Amino acid sequence: MSHISEPLIFKHSRTGRSAVGQYPQGATAQVPEKFRRRKRAALPEVSELQAVRHFTRLSQLNFSIDTHFYPLGSCTMKYNPRACNAFAMLPEFLGRHPLAPDSVSQGFLACLYELQEMLKDVTGMKGVSLTPMAGAQGEFAGVAMIRAYHKARNDLERTEIIVPDAAHGTNPATATMCGCTVVEIPSLPNGDIDIDALKGALGPKTAGIMLTNPSTLGVFERRIQEVAKLVHDAGGLLYYDGANLNAILGKVRPGDMGFDVIHMNLHKTFSTPHGGGGPGSGAVGVGQRLLPFLPIPTVGKDGDNYRWLDEKDVPQTIGRLSAFMGNAGVLLRAYVYMRMLGREGMHRVAEFSALNANYLLARLKKAGFDAAYPERRASHEFIITMKRQAKELGVNAMDFAKRLLDYGYHAPTTYFPLLVPECLLIEPTETEAKEELDGFVDALIAIQAEAEQDAAKVKGAPYTLPVRRLDDVRAAKQLDLTYGMRSTE
Amino acid sequence: MPFIPHTETEISEMLAAIGAPSIDALFDEIPAALRIKSLAAIPDALSEMEVGRLMQARASQDGRPLNFLGAGAYEHHIPAAVWAIVTRGEFYSAYTPYQAEASQGTLQLLYEYQSMMSSLTGMEVSNASLYDGASALAEACLMAVRAHRKSKSARIVVPSTLNPTYLSVSRAVVEGQNLSFTVLPYESGKGTLQFSTLEALKGEDLTAVVIQQPNFFGQMEDVDAITDWAHANNALVIAVVNPLSLALFKPPGEWGTKGVDIVVGDGQPFGVPLSSGGPYFGFMTTRMEHVRQMPGRIIGRTVDLDGKQGFTLTLQAREQHIRRSKATSNICTNQGLLVTAATIHMSLLGAAGLESVAATSQRQTSKLIEKLTRIPGVKLAFDGYRFHEAVLQLPVKVREVLDALAERNIVGGLDLSNLYPELGNALLVCATETRTDADLDTYAIALTDIVTGVVERNR
Amino acid sequence: MSNIPADLKYLDSHEWARVESDGTVTIGISDHAQGALGDLVFVEVPEVGKSLSKGGAAAVVESVKAASDVYSPLSGEVIAANDALSGSPELVNSDPYGAGWLFKIKPSNNGELQQLLDAKAYEKVVADAAH
């Protein structure tokens, strides 16, 4: 990682400079006055080398999986195999227009069809739609299908979505987007759902429940079958948030647990790149009851021929969520990944992500750190709490997180889930080697020692990154969102 | 084991540290009855070489037909430098910049992107992107309802010249939230909004009016008049634009007297390959007064403890991880990697380069129309000024023509006969700067052959 | 220990209400609440003329890491809002019971005043929350 700041690209700009080799010359448009742009947009004017150097330097100011251990809980930052990218970027795939006729799309459609089939199998679902473009859109599709199901049965009062207090913020946000109201239920001190509270929340208004299993607390919901029965008996459906699917891939299937709908984060479990915040891909799977409502398009097969299925094939569909076919290129990457893992490889995902997480947890406990759920197995992730350090040393979870950056480790997820005070949610993933995990533990032990001797040192971290801690209050109060907005240049 | 580094010795050491007899024992909290028996539909693993062979075979099967289809996804030249940088691991394999100090590269790039998009669209602020153009319009409609507190109707007016898929997606996304869409017809012969139908809504409570420029047919709407009418009737204006066209055309921030309120569109023309429809990215820009109603990530510039410039996520209290059920949207991510491509693309081409690409695309489309309308029975559906797409009417069924063109390795355009049955055998075509004069001739010769052939056969 | 003036009424969701001599009521958030939120970066106040019901969401206060609804302790019509907060949200941090007031209402049901907590009861709410 570089520690040298890079000026804004606009600072490299000189009037009249450009990368002329990159675009056609000679054409000028005759634009009628009423449509004409009067003043050119303030885009930079730089040479190709300047642009390449600028953006390469910017890249060097990032932590990434390719450069650093990235144990960000709930995000499954596993290695993104280069082959997945290389084969998804074959020129024929890149050049294919989304609306090209089926006759010149059979190769592409075959990949998508097989991906649907594989995802059905690993989740225990009856149908899959690949179109949602991110986890949040998959969630939206899931809840929208639950709504459509009740509506189709003329069961119009069912507008409440039950969400555990440990849930991701997207769950309640999604429920609201779908016109539902949110009923929050608490978790027990051991991390399981409070069944009594669930019983109290269920009723004739229940549309469904949104669950992550293992939960965001990093533990498996042991009474899931009982939960499923209670919800179904009350007339509701079960939604599986696939955020933590990596923990159970090849071990247990959401369909077998009783879930009616699931979204998968292909960018987590199936290793497509996170890309600095996207693209994601939030494919949804459904059981029998929700099959008629799947978002379109999906890929069907007639004999040897693949074709798009649309409104005509799925008349009760919740509709289209993207202009074309979701994040198609991401789907190809997930397809290559699944083919490379194969049947045996699927099981190993959960096995080795659990091995790495439980090993890290065991070593950290032994080193004196406090597990939030010490009596429980870790799933693919676990929580340690810095409540004691915050109280005794005045060094909190965020301070530990920032100091870890100086040691060359990306910070775990901090302050989520909200239930556990001063928490670090740690997810190593299956692709990390033992020595990397050992190095991470050693770093935390070293920071603990620093905190005991010189708390201020830890609280001032990081020191070795391109910037030190940023003034978020100033960022929010004195908004500076574009170059030139504030006349400081 | 692919992508799993553990040796047998390490596995034993790790299990010993955990105090577990086997890896399987780590799953002892899962009820035994739930454990997977088999995964019959998953084939055996392939090596990288084998999967490469499979993917190349699939890709070759589809080939590289000569493309004259646009309709929201456009084939443009992408400088080699763009994806060489985008696929650097530091961009490709990083996540959302929650730890700002460890993500300054991504954050600064997004700030530069926001600056470029604001200037290009003539607006004050931009978010860090949404999923795609269609879903960005859905979000813009929801945002308009939040931002326009005085309007109680949640009624959005859209012309039928809006990309029909954008309307379908908007309907699907806002389904649970009591918004309504009023679709207004276009003027036959012109292919632009029939203004009198808008005027007929005078005095009604409208939350927003959507205008696409250039519209789905490639024609130019009278954006100044529509914008001013909407504002005079207390409605917000949402512009849907092709960002490349803004190199030539008046930015939405300058439409009418006051400019529009929200701008959205698909950023695909900037450095993003067609790639079967995605991943692309949606962009959104707006006025400063509406910034708190804008969904999605927003990056701000600030200073660190030492007073040094730095970049960070800001206005996060709008977002789902803080506001939960009261968030502006459930969106978490942006399309970071594609925005990276677009920002590099815009930097390489600059305003002059984009202007040249847009002008060349427009010129090639004009040439294409000229060649194709020489074919007997083929004519333009609409008069008027256009950008780089046009609607042609054919003397024969479009579906048959497109199939026959596909056999000659040409993707000939979009069949509009289901979407706009009143246009008859209508075909939407597009040529960008990537189509040479020889390509245009290839298309014209093939179409002449096919149309003549079908006409003969039907005789 | 946070400052809890004895002459005010409170909600357990940390709003305060002061009955003015003309019968109108001024509303804000408590010193404890501003401390828990941290530096405020944005405050959204209700529009003048809006009618509020007791317990309904009336305003929003935002810090960098949190956002919180402010509930109206009483039913009534909004007769004034503190416009100074749009430029200086930090007034809520520095002077929560004075310059950091949020809005004033003309109450429509004076009986509701009796249902609010007095300083002593609110002090207990804050003390309990600390455990």
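Author: Let's begin with a term you'll need: two strands count as paired if DSSP finds at least two bridges between them. Keep in mind that this is a predicted model.

Reader: Okay. In what sense do β7(B) and β8(B) pair, parallel or antiparallel?

Author: The general idea is that strands of a sheet pair through backbone hydrogen bonds, in either a parallel or an antiparallel way. Here, strand β7 (residues 208-213) of chain B pairs with β8(B) in the parallel sense, over six bridges. To find one spot in that pairing, look at Val209(B), which stands opposite Val237(B) in β8(B).

Reader: And which strand does β8(B) pair with over three bridges?

Author: That's strand β9 (residues 262-266) of chain B, and the sense is parallel. Val240(B) has Val264(B) in β9(B) as its bridge partner.

Reader: Which helix goes with β7(B) and β8(B) in a β-α-β unit?

Author: Helix α9 (residues 223-232) of chain B does, and the unit is right-handed.

Reader: Which way do the residues of β8(B) point?

Author: In a regular strand the side chains alternate between the two faces of the sheet. You can follow that in this strand: Leu236(B), Ile238(B) and Val240(B) point one way, while Val237(B), Ala239(B) and Val241(B) point the other way.

Reader: How many residues of strand β8 of chain B are buried?

Author: Six of its six, for residues 236-241.

Reader: Let me try a residue in chain C. Why is Ile79(C) called partly exposed?

Author: Check its relative accessible area, which is 35%. Buried means under 20% and exposed means over 50%, so a value in between is partly exposed. As for its place, Ile79(C) belongs to strand β8 (residues 76-81) of chain C.

Reader: What does Ile79(C) touch?

Author: Leaving out residues up to four places away in sequence, Ile79(C) touches Thr24(C), Val48(C), Lys104(C), Ile105(C) and Lys106(C). Sequence and space can also be read side by side: Ile79(C) and Ser51(C) are 28 residues apart in sequence, and their C-alpha atoms are 9.4 Å apart in space.

Reader: In what order do the three strands of the open sheet in chain C come?

Author: The order is β4-β6-β7, with antiparallel pairing. The edges are β4 (40-44) and β7 (67-71) of chain C, each of which pairs on one side only. Ignoring direction, neighbouring strands in this sheet are turned by 20 degrees against each other on average. For a detail, take β4(C) and β6 (residues 57-63) of chain C, which pair over four bridges. Leu40(C) has Ser63(C) in β6(C) as its bridge partner.

Reader: Now let's zoom out. What domains does the assignment give for chain B?

Author: Domain 1 is 66-76 + 351-458, and domain 2 is 80-344. Their C-alpha centres lie 29 Å apart. The contact takes 31 residues from domain 1 of chain B and 26 residues from domain 2 of chain B.

Reader: How much area do domain 1 and domain 2 of chain B bury between them?

Author: About 2,200 Å², with 66% of it on carbon and sulfur atoms. Look for Phe382(B), Phe387(B) and Tyr420(B): they supply 29% of the area that domain 1 of chain B buries against domain 2 of chain B, more than any other three residues.

Reader: And how many helices and strands does chain B have?

Author: Chain B has 13 helices and 17 strands. Of its 459 residues, 68% are buried.

Terms used. Residues numbered from 1 in each chain as written. Chains lettered and ligands numbered in written order. Predicted model: local features only at pLDDT ≥ 70, side-chain atom pairs only at ≥ 80, totals over all residues. Heavy atoms only, no water. Helix = DSSP H or I, 4+ residues; strand = E, 2+ residues; numbered from the N terminus. Buried < 20%, exposed > 50% of the residue type's maximum accessible area, 1.4 Å probe, protein only. Contact = heavy atoms within 4.5 Å. Axes fitted to C-alpha atoms, helices over the stretch in contact; angles between N-to-C directions. Right-handed = clockwise from strand over helix to strand, strands pointing away. Domains from an automatic or database assignment. Buried area = accessible area lost by both parts, 1.4 Å probe.
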